[in-house]
Amino acid sequence: MSLDKSLKHFGIMYGASPAMERLYQQIERVAATDATVLLVGESGTGKELIANAIHHASARKSETFVAVNCGAIPAHLIEAALFGHEKGSFTGAMRQHIGYFEHASRGTLFLDEITEMPVDMQVKLLRVLESGSFVRVGGDEEVKVDVRLVAATNRDLEAAVKQGNLREDLMYRLAVFPVRVPPLRERGSDIELLAQSFLQELNEKENSQKVLSRNSLDVIRSYSWPGNVRELKNVVQRAFILATDTLDIEECISDLASKKPTVHEGYLNFFVGTPLADAQREIILATLKHYSGNKRLTAEALGISLKTLYNRLKEY
């Protein structure tokens, strides 16, 4: 069977495993409605792709799809970013600004990292979801919108509520139709097929005919892929760059593992000569893990802005 036939797809999503078949069925059913969807899954599993697939399978497909990362917007600017502002509403507001909700009206708004949204802003979001209207910052005129909302998080919902990162009433309002996004390690043969697909894309782009070694296929099947599809794609690309004719996936994964510092009781131990960039990366990721994925607390602990943290994570 050819690669294209083996790797079934739903819109721009790929995979033929039972876990993905169940996901496709859920997407197809909820896309036919206007229900709010909450995607819950690990980082790198493709939650934005799923939100996009829901949009394109819905009656709103000809309208706008707007994706917003809640944690990447500074707390003091998020209300204006979502709902817009009027001219002169604050210093620097030289003209009226239309927010993400208005841009997505009649279409779909995807709010990623919803637990990173400040709690006081969550109250206003809940009000908009209930009423379908809001007032721009500095304004007094009510704006009505028709928006289909899809939200996402990589955190445990109950833990986020207990830690005060997510209002319980908002959680229930968002989770009208909750969808668990399967991690790559639960997708069986999809892993190998995705790797072959990524390699095929690179070969077509570079006009080459590189292949995966037999050992690489064994490694792909046995490795846990903690970074999910994103990690798999990056590893294949790294191996492709290093390879002359045959990709060695194990070498790339081993290189990553050998550079990692040891972690013990909240301390990181680095080897002498560790590049500063690598040390910074591991400190940021270890701190993020320490704070259970809470980016706001991580940025505060590291003494950097939330925007800087997101820029670093995007690079990684």
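1. Strand β8 is mostly covered, since six of its six residues are buried. This is a predicted model, and the points below should be read with that in mind. In a regular strand the side chains alternate between the two faces of the sheet. For β8 both faces are covered: R148, V150 and A152 are buried on one side, while L149, A151 and T153 are buried on the other.

2. The strands that pair with β8 can be followed from here. Strand β3, residues 37–40, pairs with β8 in the parallel sense over four bridges, and within that arrangement L38 stands opposite A151. Strand β5 also runs parallel to β8, to which four bridges join it, and here L109 stands opposite L149 of β8.

3. The largest nonpolar core has 31 residues, of which F101, L111 and M117 touch the most other members. At least two residues of this core are supplied by each of β4 (65–69), α4 (78–83), β5 (108–112), α6 (119–131), β8 (148–153), α7 (157–162) and α8 (168–174). The largest share, five residues, comes from α6.

4. Which residues does M117 touch, leaving aside those up to four places away in sequence? The contacts of M117 are with C70, I78, L82, L111, Q122, L125, N165 and R296.

5. An α-helix has 3.6 residues a turn, so residues three or four places apart point the same way. Just after α9, N207 takes a positive phi of about 55 degrees.

6. For the protein chain overall, there are 15 helices and 13 strands, and 44% of the 316 residues count as buried. Among contacts between residues at least 6 apart in sequence, 67% join residues at least 24 apart. The chain exposes about 17,200 Å², and carbon and sulfur atoms supply 51% of that area.

Terms used. Residues are numbered from 1 along each chain as its sequence is written. This is a predicted model: local features need pLDDT of at least 70, side-chain atom pairs count only at pLDDT 80 or more; totals for chains, interfaces and linings use all residues. Side-chain values use heavy atoms; hydrogens and water are left out. A nonpolar core is a set of buried Ala, Val, Leu, Ile, Met, Phe, Trp, Tyr and Cys residues joined through side-chain atoms within 4.5 Å. Buried means under 20% relative accessible area, exposed over 50%, partly exposed in between (1.4 Å probe, protein chains only). Contact means heavy atoms within 4.5 Å. Accessible areas come from the Shrake-Rupley method with a 1.4 Å probe; for residues, only the protein chains shown count as cover. Two strands pair if DSSP finds at least two bridges between them.
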